[in-house]
Amino acid sequence: MGEMSNNQLGVMGALFLSVASSVSIVICNKALMSNLGFQFATTLTSWHLMVTYCTLHIALRLNFFENKTIDMRTVMLFGILNGISIGFLNLSLGFNSIGFYQMTKLAIIPFTVMLETLFLKKQFSDKIKISLSILLLGVGIASVTDLQLNLVGTILSLIAILTTCIGQILTNTIQKRLNVSSTQLLYQSSPFQAAILFVIGPFLDQCLTNQNVFAYTYSPSVMVFILLSCLIAVFVNFSTFLVIGKTSPVTYQVLGHLKTCLVLGFGYTLLHDPFTARNIFGILVAMVGMGLYSYFCTLETKKKHTPSLPSQVKERETSPL
């Protein structure tokens, strides 16, 4: 009972850290890009991952965690896949309207459910599906405005959805199947993610902004916000792997939509962004969906703590990665 309570506290802590750090970095990056004109999102993400790796390397040297060897091919392919998914998400935003990009993010949950059902034989109850539908409806009402379709943007969005879903499913699967912690996996994969984004980042950013990141004039204010963004990103990356490992990719996406609602609220409160009755109604509907999802997940988690658990664990461990 004590172990279960500690695990629940760990999950709650991971969820809180993820929400707090993600909302903070969105506000920081919005100030950096909108107010200071630094538009190089993909290159900035590569710097985030480099700082994350350096921070974890220092933590390893200080014995905050133990390193565990993971098959190099698995880690390399996993890191490159995650880096590519970030690149395609940024391309999707560049080639689509904001509304269609928001639809792309909404589509990640149903695609994840479909992939886990088909390939991992995971079962989602009707109650879970209904609560997710209510959540997606609410976020769609609150955040999706214009929908402009084009062939290139649609193809990029589909690739972004597929790579993101697979990357997040693997984040959870690798941790559980290979018995590694979120910190160990992030430490070993972040150099590959950073490398692929550092190579493709300047090219993608120049295509999307018609500006060269290396020709940009870096003022002291820009440098301060870049440094702050990189430091917050350490907590974002760590909490992302932690939440997916302790819960599931679907739960992480649900949490992501909670962040969207909070960012809309903070944007109105702190940055005086436009806020309508439609936004308020959408956020309220999304909150109902999140509450139902949390409630039904809690009920199903309690049902799983039965004597049949060892056989389930055995089946999970022996099935191939």
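Colleague: Why is Leu56 called buried?

Modeller: Buried is the label for under 20% relative accessible area, exposed is for over 50%, and partly exposed is in between, using a 1.4 Å probe and protein chains only. Leu56 has 8% relative accessibility, so it counts as buried. One thing to keep in mind: this is a predicted model, where local features need pLDDT of at least 70 and side-chain atom pairs count only at pLDDT 80 or more, while totals for chains, interfaces and linings use all residues. Also, residues are numbered from 1 along each chain as its sequence is written, and side-chain values use heavy atoms, with hydrogens and water left out.

Colleague: Which residues is Leu56 in contact with, leaving aside its neighbours within four places in sequence?

Modeller: Contact means heavy atoms within 4.5 Å. By that rule Leu56 is in contact with Phe65, Thr183, Leu186 and Tyr187. The C-alpha atoms of Leu56 and Gln184 are separated by 9.0 Å, though the two residues are 128 apart along the chain.

Colleague: And what makes the stretch around Leu56 a helix?

Modeller: Helices here are DSSP runs of H or I with at least four residues, strands are runs of E with at least two, and both are numbered from the N terminus. Leu56 lies in helix 2, which covers residues 41–61. Thr45 is in helix 2 too, and at 17% relative accessibility Thr45 also counts as buried. Not counting residues up to four places away in sequence, Thr45 touches Ile86 and Leu197.

Colleague: Where does UniProt list a "transmembrane region"?

Modeller: The unreviewed UniProt entry lists residues 44–62, 74–93, 155–173, 224–245 and 277–296. Those positions use the numbering here, feature names are shortened, and annotations may be inferred rather than shown by experiment. In the model, residues 44–62 are 95% helix and 0% strand, with end C-alpha atoms 27 Å apart. Residues 74–93 are 100% helix and 0% strand, and there the end C-alpha atoms are 29 Å apart.

Colleague: Which residues of the largest nonpolar core touch the most other members?

Modeller: Such a core is a set of buried Ala, Val, Leu, Ile, Met, Phe, Trp, Tyr and Cys residues joined through side-chain atoms within 4.5 Å. The largest one has 19 residues, and Ile109, Leu132, Leu135, Val250 and Val254 touch the most other members. Helix 4, helix 5 (126–143), helix 9 (249–270) and helix 10 (277–304) each give two or more residues to this core. Helix 5 brings the largest share, six residues. Apart from this core lies another, of 13 residues, among them Leu60, Phe78, Val180 and Phe241.

Colleague: Is Gln168 buried or exposed?

Modeller: Gln168 has 11% relative accessibility, so it counts as buried. Gln168 lies in helix 6 (residues 151–177). Leaving aside neighbours within four places in sequence, Gln168 is in contact with Ile108, Ile244, Pro249, Tyr252 and Gln253.

Colleague: How do you know that Glu116 and Lys122 meet in a salt bridge?

Modeller: The rule asks for a side-chain nitrogen of Lys or Arg within 4 Å of a carboxyl oxygen of Asp or Glu. For Glu116 and Lys122 the N to O distance is 3.9 Å, and their side chains meet in a salt bridge. By this rule the count comes to one salt bridge. Glu116 is at 3% relative accessibility, so it counts as buried, whereas Lys122 is partly exposed because its relative accessible area is 28%.

Colleague: What makes the nonpolar surface patch?

Modeller: Met114, Leu118, Phe119 and Leu120 make a patch of about 410 Å². Patches are made of residues with over 30% relative accessible area and no salt bridge; nonpolar side chains (Val, Leu, Ile, Met, Phe, Trp, Tyr) are joined within 5 Å, and like charges within 9 Å. The areas come from the Shrake-Rupley method with a 1.4 Å probe, and for residues only the protein chains shown count as cover. Phe119, found in helix 4 (residues 98–119), is at 64% relative accessibility and therefore counts as exposed.

Colleague: What is the phi of Asn63?

Modeller: Phi of Asn63 is near 65°, a positive value in a residue other than glycine. Most residues other than glycine have a negative phi. Asn63 lies in the loop between helix 2 and helix 3 (72–95), and its relative accessible area is 67%, so it is exposed. Asn179 also has a positive phi, near 55°.
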